[in-house]
Amino acid sequence: MRLGLIPARGGSRRIPRKNLKMLAGKPLLKWTVDAALGSTQLDHIVVSTEDEEIGLRSVEWGAGLLERPAELATDDATTAQVLRHAVLTLKPTTVVLLQPTSPIRFRGLIDRCVKTFFEVGCDTLATGFTSYEYPWGSMDNIPQQKMTGFFYDDGNVYVHKAAHLKEGKWWGENRHEMTVDPWYNLELDTVADFWAAEGIIHRMHQ
């Protein structure tokens, strides 16, 4: 089974009830639920949450519900722990992690990621971009064209074989870096990020 897993706890340190905050006309979480439901590569889609309201609304929108233990809904709980809980409970073979804080997944992004995952035969696939950001003072004043850069995972889509998740590992040994267009790279952590995302959404829907 190819499981689409959407982690959405009720708490948020920077923006209260962030997963239900409105973004371009609908709650932030619903953008991810809708994108998952629009995929042709997922067999089952669940929202992992400890929050009753988020659970009820997720079911209303068409997703399944995976009730998350309270100890996995704290600031200290890791995504790897949440994934392990899902694997042990639902027993999928493949897990596609879709975080609500990355709501921009238009033009078949999820399907492209899953297809690439199976084509290259990796254990873990992550979307991202080449970053040239270094601590100030650690690099000389050289043109970006001469900098090596490094792959930075943007948090949008991760595809995993379930085997290493079952062991509590964040990734498998054979990892694939999937560079995607920059409008997919935005993660929403602040109010300013919401403003930026609304601009991108409206632009892509023109």
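Biologist: What share of the contacts between residues at least 6 apart in sequence join residues at least 24 apart?

Modeller: In this predicted model, 73% of those contacts in the protein chain join residues at least 24 apart. The chain itself has six helices and nine strands.

Biologist: What makes the protein chain count as being as compact as a globular protein of its length?

Modeller: Its radius of gyration is 17 Å, and the globule rule gives 17 Å for 206 residues, so the chain is as compact as a globular protein of that length. Along the principal axes, the C-alpha atoms fill a box of roughly 50 × 40 × 35 Å. Of the 206 residues, 48% count as buried.

Biologist: Happy with that. Which residues have the most contacts inside the largest nonpolar core, and how many residues does this core have?

Modeller: The core has 39 residues, and those with the most contacts inside it are Ile6, Leu23, Val96, Leu98 and Val159. Two or more residues each come from helix H1 (28-37), strand S4 (44-49), strand S6 (94-98), helix H4 (109-120), strand S8 (150-161) and helix H6 (191-204). H1 gives the largest share, six residues. Another core, of 13 residues, lies apart from it, and includes Leu3, Val46, Ala126 and Tyr158.

Biologist: Which residues is Ile6 in contact with, leaving aside its neighbours within four places in sequence?

Modeller: Ile6 is in contact with Leu29, Thr32, Val33, Ala36, Ile45, Val46, Val47, Ser48, Leu98 and Pro100.

Biologist: Now to the charges. Why is the meeting of Asp51 and Arg17 called a salt bridge?

Modeller: The cut-off is 4 Å from nitrogen to carboxyl oxygen, and this pair comes to 2.6 Å, N to O. The value is within the cut-off, so the pair counts as a salt bridge. There are eight salt bridges in the structure.

Biologist: Why does the pair of Asp51 and Arg17 tie together parts that are apart in sequence?

Modeller: Asp51 lies in the loop between S4 and helix H2 (52-60), while Arg17 lies in the loop between strand S1 (2-7) and strand S2 (22-23), so the pair ties together parts that are 34 residues apart.

Biologist: Why does Asp51 count as buried, and why does Arg17 count as partly exposed?

Modeller: Buried means under 20% relative accessible area. Asp51 has 15%, so it counts as buried. Arg17 has 32%, so it counts as partly exposed.

Biologist: What other partner does Arg17 have, and how do you know that this pair forms a salt bridge?

Modeller: The partner is Glu53, with the closest N and O atoms 2.9 Å apart, which is within the 4 Å cut-off. Arg17 in its loop and Glu53 in helix H2 are 36 residues apart. Glu53 has 39% relative accessibility, so it counts as partly exposed.

Biologist: How do you know that Glu167 is exposed, and what is the state of its partner Lys169?

Modeller: Exposed means over 50%, and Glu167 has 54%, so it is exposed. Lys169 has 43%, so it is partly exposed. The side chains of the two meet in a salt bridge of 3.1 Å, N to O. Elsewhere, salt bridges that share partners join Arg17, Asp51 and Glu53 into one network.

Biologist: Last one: which residues form the nonpolar patch on the surface?

Modeller: Tyr132, Tyr134, Met139, Ile142, Phe150 and Tyr152 form it, with about 490 Å² of accessible area together. Tyr152, in strand S8, has 39% relative accessible area and is partly exposed.

Conventions
Residues are numbered from 1 along each chain as its sequence is written. This is a predicted model: local features need pLDDT of at least 70, side-chain atom pairs count only at pLDDT 80 or more; totals for chains, interfaces and linings use all residues. Side-chain values use heavy atoms; hydrogens and water are left out. A nonpolar core is a set of buried Ala, Val, Leu, Ile, Met, Phe, Trp, Tyr and Cys residues joined through side-chain atoms within 4.5 Å. Buried means under 20% relative accessible area, exposed over 50%, partly exposed in between (1.4 Å probe, protein chains only). Helices (H or I, at least four residues) and strands (E, at least two) are DSSP runs, numbered from the N terminus. Contact means heavy atoms within 4.5 Å. Patches are made of residues with over 30% relative accessible area and no salt bridge: like charges are joined within 9 Å, nonpolar side chains (Val, Leu, Ile, Met, Phe, Trp, Tyr) within 5 Å. Accessible areas come from the Shrake-Rupley method with a 1.4 Å probe; for residues, only the protein chains shown count as cover. The radius of gyration is taken over C-alpha atoms; the globule rule is 2.2 Å times the number of residues to the power 0.38.
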